[in-house]
Amino acid sequence: MKPYYDHAGITIYHGDCREVLPTLTEKVDLALTDPPYPMEYDWCWQALAEGVEPLMIDGSLLMTYCGHYQLPKVLAEIGKVLTWWWLFIARNDSCPAIWGYNLKATYKPVPAFYKGHQPKHHLPGLFPDDLHIAGSVREAKALHVWGQSVIPEPIMRFCPDGGLVIDPFMGSGTTLRAAKDLGRRAIGIEIEERYCEIAAKRLAQEVLPL
């Protein structure tokens with residue numbers, strides 16, 4: 001499949017991840033993504049795990065944002081393919097109200113699963129599971145209706161310098177932009193062409209500080 005964008009180690013594919021992932025062959029060090037949350041996209045958790053697992057190296061992680069109410073499904077579906085490791089949280093500065101539960105969400109769950117052996121750390125010291133967010137959710141949603149702020153630490157800790165990150169639900173390219181800024185290569189897949197265009201424009205900019 002011909003890439004939509006391919007420059008300086010960053011590649012974008014315009015298409016359905018269920019069709020694109022089986023065509024890829026290069027092994028990845030980290031999968032970091034944010035699939036859509038509405039119930040009509042519940043298929044994505046199984047597709048994500050089955051599509052990414054063949055590309056993952058031993059000891060690599062799949063980390064995904066999800067809604068709190070989706071955790072049982074996410075753990076069940078991805079857990080059929082990969083091994084559950086940890087639940088990270090990304091603080092949510094917009095604190096949206098979840099009216100059906102009468103709650104205010106102050107963080108987003110980021111469950112992590114690994115392939116083979118326990119994850120390989122590429123930085124010394126302890127790694128807090130309260131993930132630092134670079135930028136605001138409001139800024140992210142200005143680029144994509146379901147956009148999230150970038151979480152740099154997983155890319156730095158679980159992907160070596162020059163390693164490869166994959167985001168099968170790329171959206172506006174936030175993960176790819178962060179990977180580029182941090183000296184990693186990245187592959188993104190996005191089904192809507194308008195977001196591929198936004199991501200390509202973001203990636204054409206010079207490296208930005210996180």
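Is D161 buried or exposed in this structure? At 65% relative accessibility, D161 counts as exposed, where exposed means over 50% relative accessible area, buried means under 20%, and partly exposed lies in between (1.4 Å probe, protein chains only). The model is predicted, so local features need pLDDT of at least 70 and side-chain atom pairs count only at pLDDT 80 or more, while totals for chains, interfaces and linings use all residues. Residues are numbered from 1 along each chain as its sequence is written, and side-chain values use heavy atoms, with hydrogens and water left out.

D161 sits in the loop between α5 (152-158) and β10. Helices (H or I, at least four residues) and strands (E, at least two) are DSSP runs, numbered from the N terminus. The side chain of D161 meets that of R184 in a salt bridge, with 4.0 Å from N to O. A salt bridge here is a side-chain nitrogen of Lys or Arg within 4 Å of a carboxyl oxygen of Asp or Glu. R184 lies in the loop between α6 and β11, 23 residues from D161, and the pair links distant parts of the chain.

The structure as a whole has nine salt bridges. Another of them joins D181 and R177, at 2.6 Å from N to O. Both residues belong to helix α6, where they are four residues apart, about one turn of the helix. D181 is buried at a relative accessible area of 15%, and R177 is buried at 5%. E77 also forms a salt bridge, with K80, and the closest N and O atoms of that pair are 3.5 Å apart. Here E77 counts as buried at 17% relative accessibility, whereas K80 counts as exposed at 63%.

The next stop is strand β11, residues 185-190. Five of its six residues are buried, so β11 is largely enclosed by the rest of the structure. Strand β2 (residues 10-14) runs parallel to β11 and is joined to it by five bridges; two strands pair if DSSP finds at least two bridges between them. Within this pairing, T11 has I187 of β11 as its bridge partner. Strand β10 (residues 164-167) also runs parallel to β11, with four bridges between them. There, V165 is partnered by A186 of β11. Between β10 and β11 the chain passes through helix α6 (residues 174-181), and this β-α-β crossover is right-handed. That term applies if, with the strands pointing away from the viewer, the path from the first strand over the helix to the second runs clockwise.

D34 is buried, and the nearest side chain of opposite charge, that of K108, is 5.7 Å away. In this count Lys and Arg are positive and Asp and Glu negative; His and the chain ends are not counted. The side chain of D34 does have a polar contact of 2.8 Å with the side chain of Y37. A polar contact is a pair of N or O atoms within 3.5 Å; within protein, one must be able to donate a hydrogen and the other to accept it, and residues adjacent in sequence count only if both atoms are side-chain atoms.

What of the cysteines? The structure holds zero disulfides, a disulfide being a pair of cysteine sulfur atoms within 2.5 Å. For C44, the nearest cysteine sulfur is that of C17, 7.8 Å away. C44 is buried, with 0% relative accessibility. C17 is found in helix α1 (residues 17-20) and is buried too, at 3%. The C-alpha atom of C17 is separated by 7.9 Å from that of L48, which is 31 residues away along the chain. For C66, the closest cysteine sulfur is in C44, at 9.8 Å, which is too far for a bond. C66 is buried, at a relative accessible area of 0%.

Most residues other than glycine have a negative phi. A8, in the loop between β1 (5-7) and β2, has a positive phi of about 50 degrees although it is not a glycine. A8 counts as exposed, at 60% relative accessibility. N102 lies in the loop between β6 (97-98) and β7 (103-104), and its phi is also positive, near 55 degrees. N102 is exposed as well, at 64% relative accessibility.
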